[in-house]
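Visitor: Please take one part of this model and go through it closely, from its own residues to the neighbours that surround it.

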Amino acid sequence: MRVVAPPTPLWPVPDGTHVVHLLSADGPVDRDVLTEWADGRRIAWTPGEAIESSTETTLVVPVRVAWLPPGTDGRRRWRARDLPLRGLGPRIPDRERARLRRRSPDRCAVVIGAPASMQDLSAARGEATSLEAVVARRAARALDRSERSVLGAGHKIARAVPEELLASPRFTSGLGDLAARLGRDVAGVRAEAEAHLRELVTEQDPLARDVWAALGRHLWSRAYTLDVDATRLAELRELAARHPVVFLPSHRSNLDGF
C-alpha cells in the first residue's frame, strides 16, 4: 500500500493538532484498505460524523483510495487491453480491486488531501448550503489535487459542477428572484434547477479518454512532424499540477482536437 499526500507545507499538520480523517470508501475492498491504513487514527466515515467529532480548531483531513492505471507515476495511462474492465476509477468491480490489491499493490494508493479547519469550512457555508455539503465538496477537491501527483493533471469532474453552482451565493440569489417572479417556493425551484443541471453535465470516462488519445498518437505520428517547445510544455505540466487549466484550441486544422 502506498500513500499519496499533498506537498509540504500543507502536510503534515502541526503536532498536537486535533485531526479527524474523513474516509471515503466505495465498496468493501476500499473500506478494508482504509481501515488498515487508519489504525489508531481518529476517523469519520461521513461528513456528518466528522462535524460531530470536531471543534472549530479541528482539522478535517480527507482520505480515499485511488486505483491507478498501469505505468509509472506521471505517465500512468489506461490501455485498450483494459477495456474489459468497462470503466475504471470508482467503476472498477470490487473483485478486480481485490485482485489488484493482491497482485499489483503499487496500483492501490491511499490518497490524502490537504486539511481544512472546521472554522474555515463553516465560513464557506452559504445560506442555502449545508455544512455537510461544504465538507464533502472541499474534501473531493483536495483529494483530486493530491491524485495529480501520480495521475497527472485531469479534467474537471463534471459531477461536481452542480454542487458548485448550487453553493454559489449569486446562483442562490438568482433562484430566489426567479421563485418570486414565478410565485413558487424557493425549495421547489431549487430542486427543479438541480435536476436540469445534473441532466446537462457530461462525464468523461478516463479509460475512453486515454484509449482515444493513444489512437490519436498512432495516427498523427505517422502523418505529421510536430514542432513542440518541450521547455514550455514542462512549465505547463507544472502549472497544471497546481491549478486548473483551460485549453483554447485555435482549430486551424482538424488535427487540433487531438
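Guide: Contact here means heavy atoms within 4.5 Å, and helices (H or I, at least four residues) and strands (E, at least two) are DSSP runs numbered from the N terminus. The model is predicted, with local features needing pLDDT of at least 70 and side-chain atom pairs counting only at pLDDT 80 or more, while totals for chains, interfaces and linings use all residues. Residues are numbered from 1 along each chain as its sequence is written, and side-chain values use heavy atoms, leaving out hydrogens and water.

The protein has 10 helices and six strands, and of its 258 residues 31% are buried (under 20% relative accessible area with a 1.4 Å probe, protein chains only; over 50% is exposed, and partly exposed lies in between). Of the contacts between residues at least 6 apart in sequence, 75% join residues at least 24 apart.

The part to examine is helix α3, which spans residues 94–103 and has E96, R97 and L100 buried. These three lie on the same side of α3, because they cover an arc of only 105° around its axis, taken from the directions from the axis to the C-beta atoms. R95 and R102 are exposed, and the face of α3 that carries them is turned away from the buried side. Over the buried residues of α3 lie, among other cover, helix α1 (28–37) and strand β4 (59–67).

Of these neighbours, α1 packs against α3 at an angle of about 40°, and the two axes are 8 Å apart; axes are lines fitted to C-alpha atoms, for helices over the stretch in contact, and angles run from 0 to 180 degrees between N-to-C directions. The pair is therefore oblique, the class left after roughly parallel (under 35 degrees), roughly antiparallel (over 145) and roughly perpendicular (65 to 115). From α1, the residues P28, V29, D30, D32, V33 and E36 meet D94, R97, A98 and R101 of α3. By class, this contact comprises six charged residues, four nonpolar and no polar, where Ala, Val, Leu, Ile, Met, Phe, Trp, Tyr, Cys and Pro count as nonpolar, Asp, Glu, Lys and Arg as charged, and the others, Gly among them, as polar.
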